[in-house]
Every structure is written in C-alpha cells, then in structure tokens.
Amino acid sequence: MGRTGLSGLATALVASAAVAATLPADAPNPGSSRVFEFKYTVRVKDLPKESGRLRLWIPVPTSDAQQDISNLAIKGAAHYEMHEEAEYHDHYAYLDVDPRKQAAPIEVEMTFKAARRENRVPVRDAADSPAAVSRPADLNRSLAPDRLVPLDGLIARLAGEQTKGLERPLDKARAIYDYVLSVMRYDKTGEGWGRGDAVYACNVKKGNCTDFHALFIGMMRASGIPARFEIGFPLPRDRKSGEIAGYHCWAQFWIDGLGWVPIDASEGWKDPARRDYFFGAHDANRVLFTRGRDIRLDPAQQGEPLNYFVYPYAELDGKPWTGLQSSFSFTDLEPTVAAAASAHEAAD
C-alpha cells in the first residue's frame, strides 16, 4: 500500500499544479491541494467493574475523486477487522474486546497520509446538459428523508416558498443556499444544536455546520433535488500542524449535466467574502471520513442507527457507551518531502 499511496501523493501534487494554471483567480488558492499526515486516537481509560463485551467502531477514510488516502495504519493491542457499511459504503474498523482478557486502558491509534484537492464545479452560467455527466443509479437515497430531516410539513413549505417561480434545479439550489445563509446564524450556545435537526434549525435559526446542512439538504430534497451529507475534519487555514477540536460537515447536490455540486453553507456564512465560492466549491482544507445519516453498521449495533459517523461509537454489554476519549491532529507535508519519498520508494 505504501508504494501506491506515495505515488498517489506525488501525482496529486503534479495535477494540482497544472489545474492552478487554468482555474480563475478568485478561489482562495486556485486549484489548490493539501498534503498532510493525520492522527486519530481513541482511548478507553477505564471500564466499569464486571464489564462484559466491549464493541467499538472507528470510521476510516477512503480515497475518492477529491482525496487520496495512503499509508493507513491502525495500531493497538486489541485485534480489529475492517468493514464496509452497505448503504453509503462507509469504511470502519471494528473491535470486539473482552475486558477480562484485554484490560483498560485500551488505546487505538490510526494514522494516514492524505492529499486533498479543491473540488470546484463551474456553476456560473452552467446549462443543464444531461449528456455531460452520467446520472448515477443510486440517487433515491439522496431524495429520501432522514430521521431528523423530514421532507414534509415546515420543510416542504419553506422549500416551496423559496423556490416559487424557479424552473431550473440549479436556480432552486442557489435560492435555498441563499435562504439558509440569510436566516441561520453560526452559534453553538444553548441546547439542541449539532444534531442536524432540520426542524430545530428552522425554528431556532442557529446552530453549527450540521444544522446548516440539515436545513439545506431537507429543502433540496423536498424540492426534488438529490442532496447528500458528508462529514470529516477541518484543517485550519492558518496552521500547518496541531490538534483539531472537532468535526466539520458539508453537502453536495446533484444537477443533471454537472454531476455532484459541492456547497459549504456554514463556511459561506462565517466568511461572507467567500459566500459565492462555497456555492459550487469545497476548498482543500478538509478530509472526508463518511457520508450519510442514520448509519446502520455491520456487524450491527444494538443501539439506534448513528445520526452521523465521524467519532468512534462504542457499546458496552449491548448498550451505547460514551466512556471514550478521542483526539485528532494533523501535520502538513511539504510537497518536496512527499515527492522525494515517492521517488525513493520508486527506486527500491
């Protein structure tokens, strides 16, 4: 895996240099990519006395069109198995621990290298051309409700009001994006925020990225436009290394002729100068871990489907258990370092 992964990093760097010469200059870093190492650590410090079975699921990122994941390593005293969830094809490590044989503290450390590329779709003056991009066969889930994202009632009414008189799906999407940014406030005070509850977002009109995108996705789906939820971690724009406090999420919607169009409503709210940019783009300052809501794991959890899946999930004796400590950190890799490593491995 190491040889392929490092070569992928070098390829991404060369490709991003070529793209940078062709993209418009109004992007924060036109055609940018970011190459970094990421560490994800899970600790079970203590377990209640007489504990029985401990089951642990840890999300694992994979490569796609926007990111190359390489040199993935998972270390710890406990044995793990890799699994793939069926609905969204999310990947994760699964551990089944007998505390009588594997006493706490238990630590699992996942590290990987990643090359993340800017994802930008030309939405300005775009014409719907069904022949340009093949329509995928699995859009039905991206039109269906989630437990906290209903498509009827208040959400349907708002979607109808905000898209009234508009015909093109892209125009409807922009109207919904503008509405979300106009009524929502990025505010993590009080209770209820962070669950991705679209009705809560409608009523309270504040929250974090999860709430922004729950409202956006709900209104999009209620308008008949496929939209999907993505979650991972942000990389600070002003730092090259350090701890990451928590997750970040964003969304994509499907337009015939364009394909999946990226948006980041909460980042657009926080940085008004990039409001237009984040309708049709994701910058490279992020790493994707999983997609989707209401996650059903395999082997199956005994608790409810996961609202979203970016932090580790555990069950102790068949019940959800929150006695985990998690930490996340990153270190940027200089392009010359990644390229040199690739060249060295190619010569072996």
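**Strands, loops and spaces**

Arg34 has Arg116 of strand S6 as its bridge partner. The model is a predicted one, in which local features need pLDDT of at least 70 and side-chain atom pairs count only at pLDDT 80 or more, while totals for chains, interfaces and linings use all residues. Residues are numbered from 1 along each chain as its sequence is written, and side-chain values use heavy atoms, with hydrogens and water left out.

The pair just named belongs to a wider arrangement. Strand S1 (residues 33–44) and S6 run antiparallel and are joined by twelve bridges; two strands are said to pair if DSSP finds at least two bridges between them. S1 also pairs with strand S16 (residues 325–332), again in the antiparallel sense, over eight bridges. Here Lys39 stands opposite Ser329 of S16.

The protein as a whole has seven helices and 16 strands, these being DSSP runs numbered from the N terminus (helices H or I, at least four residues; strands E, at least two). Of its 348 residues, 51% are buried, where buried means under 20% relative accessible area, exposed over 50%, and partly exposed in between, with a 1.4 Å probe and protein chains only. Among contacts with a separation of 6 or more, 73% link residues 24 or more positions apart; a contact means heavy atoms within 4.5 Å.

Several loops hold particular backbone features. Between strand S5 (91–97) and strand S6 (106–117) lies the loop that contains Pro105, and the peptide bond from Ala104 to Pro105 is cis, with omega near 5°. A cis peptide bond also joins Asp298 and Pro299, with omega about 5°; Pro299 is placed in the loop between strand S13 (286–291) and strand S14 (313–316).

Asp294 lies in the loop between S13 and S14, and its phi is near 55°, a positive value in a residue other than glycine. Asp294 is buried, at a relative accessible area of 7%. Lys205, in the loop between helix H4 (198–204) and helix H5 (209–222), has a positive phi near 60°. Lys205 is partly exposed, at 35% relative accessible area.

On a 1 Å grid over the protein atoms alone, a pocket is an open set of points with protein on both sides within 12 Å along at least five of seven lines, a cavity is a set where a 1.4 Å probe fits but cannot get out, and lining residues have an atom within 4 Å of a point. Grid points are joined across faces, edges and corners, and a volume is the space filled by probe spheres set on the points.

A search of the whole structure finds one cavity of 30 Å³ or more. The largest cavity has a volume of about 30 Å³, and its lining consists of Asp64, Gln66, Arg116, Asn119, Glu230, Gln252, His282, Leu288 and Arg291.
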